Amino acid sequence: WAISYETLMMVNDQAMELFMEDFEDKTMRDVNEQIIIPVCQKKKKSYALSTNPCGLKIDIFVSHSWDAPFGAFVDCIKQAYLNK
């Protein structure tokens, strides 16, 4: 299962609003705990399926480290997306 680029940008916006001045220090793990897991618990399904119930056809697969800075991850994805 996957999320779209647009959904990633939405999560990024939520993370920036939630973490404010601490945003740059937050990791993928922090975003997962504070934003993704609550949605999964409420919807009783994965975040990807809760945002795309029929799934998505993917063009690109991206992996990540749980302890990497979330903002840096998003910046890399933005750069790659805009240069495709």
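A: Val39 touches Tyr47 and Ser50, leaving aside residues up to four places away in sequence, where a contact means heavy atoms within 4.5 Å. This is a predicted model, in which local features need pLDDT of at least 70 and side-chain atom pairs count only at pLDDT 80 or more, whereas totals for chains, interfaces and linings use all residues. Residues are numbered from 1 along each chain as its sequence is written, and side-chain values use heavy atoms, with hydrogens and water left out.

Val39 belongs to helix 2, and its relative accessibility of 25% places it in the partly exposed class; on this scale buried means under 20% relative accessible area, exposed means over 50%, and partly exposed lies in between, with a 1.4 Å probe and protein chains only. Between the C-alpha atoms of Val39 and Asn52, which are 13 residues apart along the chain, the separation is 13 Å. Helices here are DSSP runs of H or I with at least four residues and strands are runs of E with at least two, both numbered from the N terminus.

Lys44 is exposed, at a relative accessible area of 74%, and its phi is near 60°, a positive value in a residue other than glycine. Most residues other than glycine have a negative phi.

Two packed helices are described by the angle between their axes and the distance between the axes. Helix 1 (residues 5-19) and helix 2 (residues 28-43) pack at about 100°, and their axes are 11 Å apart; the axes are lines fitted to C-alpha atoms over the stretch in contact, and angles run from 0 to 180 degrees between N-to-C directions. The two helices are therefore roughly perpendicular, a label that covers 65 to 115 degrees, while angles under 35 count as roughly parallel, over 145 as roughly antiparallel and the rest as oblique. On the side of helix 1 the contact is made by Val11, Gln14, Ala15, Leu18 and Phe19, and on the side of helix 2 by Asp30, Val31, Gln34, Ile35 and Ile36. These residues divide into 7 nonpolar, 2 polar and 1 charged, with Ala, Val, Leu, Ile, Met, Phe, Trp, Tyr, Cys and Pro taken as nonpolar, Asp, Glu, Lys and Arg as charged, and the others, Gly among them, as polar.

Toward the end of the chain, Ala72 lies in helix 4 and is partly exposed at 38% relative accessibility. The C-alpha atoms of Ala72 and Asp25 are separated by 9.9 Å, although these residues are 47 apart along the chain. Asn83 falls in the segment after helix 4 (70-82), where it is exposed with a relative accessible area of 60%; its C-alpha atom is 25 Å from that of Asn52, 31 residues away along the chain.

Taken as a whole, the chain has 4 helices and 0 strands. Its radius of gyration, taken over C-alpha atoms, is 13 Å, close to the 12 Å that the globule rule gives for 84 residues, so the chain is as compact as a globular protein of that length; the rule is 2.2 Å times the number of residues to the power 0.38. Of the 84 residues, 31% count as buried, and among contacts between residues at least 6 apart in sequence, 70% join residues at least 24 apart.
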